Amino acid sequence: MLIRNNDDGFIHPLSSEITSKDAYSTRRELLRQWSAGAAAAGLAGWGHREAFAQGNAAAKLAALPASQSAVQGAMTVEKLTSQKDATTYNNFYEFGTDKSDPARQAHTLKTSPWTIEVEGLVKKPTRFNLEDIMKWGAMQERIYRLRCVEGWSMVIPWIGYSMSDLIKRVEPLPGAKFVEFVTQADSQTMPGLRGGFLDWPYVEGLRMDEAMHPLTLLTFGMYGEVLPKQNGAPVRLVVPWKYGFKSGKSIVKIRFVDKQPVVSWAKAAPQEYGFYSNVNPTVDHPRWSQASERRIGEGGLLDKKRKTLMFNGYEAQVASMYTGMDLVKNF
Ligand SMILES: Nc1nc2c(c(=O)[nH]1)N[C@H]1C(S)=C(S)[C@@H](COP(=O)(O)O)O[C@H]1N2
Ligand SMILES: [Mo]
């Protein structure tokens, strides 16, 4: 069945109703349209981001080749958010709390050399070079929605491999029940560390089965290129069925632990941000509803809203991990 998108007349099939080959060519077409139409999609009121994009046109990022992903749910065919929007409207509190801060300030982040320390309940705790880690899985492109807890969302072609590839490689011990992700905290290069309400470093965590889920992406790139600094270079997580803050950027440590880690947002405001943070439109944030979201690039200031889907639309793939759990209590 062909669905007509009311906003722009763009026609796209439901991913469940097409073969993956069709999905891929449709996706290619999307990519083509996206690159052709990115400038035209620029919206009034977003001028500072336009200015940024123009001012930094010279900052070319390296291409990151990737193949099509066969993982279920990774082939969502939806109109992509423009690369400009995805790289200039960001949350990365280490570089400031305004959405335009990371794009303006993250250029100071030093991403090379980069190492990740694998610690805790693993066979052999080791510090690895990014270049080595990048070889532990086949780079795949995956189109995931990312929904921020604040009520906006984007559709981004990420590049990486399943976190499970790394986990298998480092051989966690049976006692490892959770994985903690510690991100970079360098007061020399990250102006946001001086102020702010979060304890640094920014820490996130997943239960082992969540971390092992094939959709959980250890992410090195987006839009065919390595990650821009404001999007969490050189390596971040993307957990598509959880609110955006679970997807830690610029990871420096991966720690296997036996107890549920104390994660940054839950520590800062435990009534507002739980450990699980699954996208759940039926559980309101204490200060706002989570029933709908604004897709960045759609409607702009007119604030067109779309209904937020359970598990951000990945219910078929992930719901079974939470059977028997009270998702209102475990928010
Ligand atoms: N280290 C770090 N990672 C982070 C954040 C942050 O402030 N610091 N913000 C999170 C939030 S709230 C969101 S919504 C996503 C946004 O990712 P994007 O800006 O690349 O879209 O990154 C997440 N990862
Ligand atoms: Mo967020």
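**Exercise 1.** How many bridges join strand E8 (residues 178-183) to E9, and in which sense do the two run, parallel or antiparallel?

Before we start: this is a predicted model, where local features need pLDDT of at least 70, side-chain atom pairs count only at pLDDT 80 or more, and totals for chains, interfaces and linings use all residues. Residues are numbered from 1 along each chain as written, chains are lettered from A and ligands numbered from 1 in written order, and side-chain values use heavy atoms, without hydrogens and water.

*Solution.* Step 1: strands are DSSP runs (E, at least two residues), helices are runs of H or I with at least four, and both are numbered from the N terminus. Two strands pair if DSSP finds at least two bridges between them. Step 2: E8 and E9 are joined by five bridges and run antiparallel. Step 3: to spot the pairing, find Phe-178, which sits opposite Arg-207 in E9.

**Exercise 2.** Is strand E7 (residues 152-162) buried or exposed, and which strands does E7 pair with?

*Solution.* Step 1: buried means under 20% relative accessible area, exposed over 50%, partly exposed in between (1.4 Å probe, protein chains only). 11 of the 11 residues of E7 are buried, so this strand is largely enclosed by the rest of the structure. Step 2: E6 (residues 140-147) runs antiparallel to E7, with eight bridges. The two form a hairpin with four residues between them, and Gly-151 in the turn has a positive phi of about 105 degrees. Step 3: E14 (residues 292-295) runs parallel to E7 over two bridges; here Ser-153 faces Arg-295. Step 4: E10 (residues 217-222) pairs with E7 in the antiparallel sense through five bridges, with Ile-159 opposite Gly-221.

**Exercise 3.** Which side chains make polar contacts with ligand 1?

*Solution.* Step 1: a polar contact with the ligand is a pair of N or O atoms within 3.5 Å. Step 3: Glu-94 has a side-chain N or O atom 2.8 Å from a nitrogen of ligand 1.

Terms used. A polar contact is a pair of N or O atoms within 3.5 Å; within protein, one must be able to donate a hydrogen and the other to accept it, and residues adjacent in sequence count only if both atoms are side-chain atoms.
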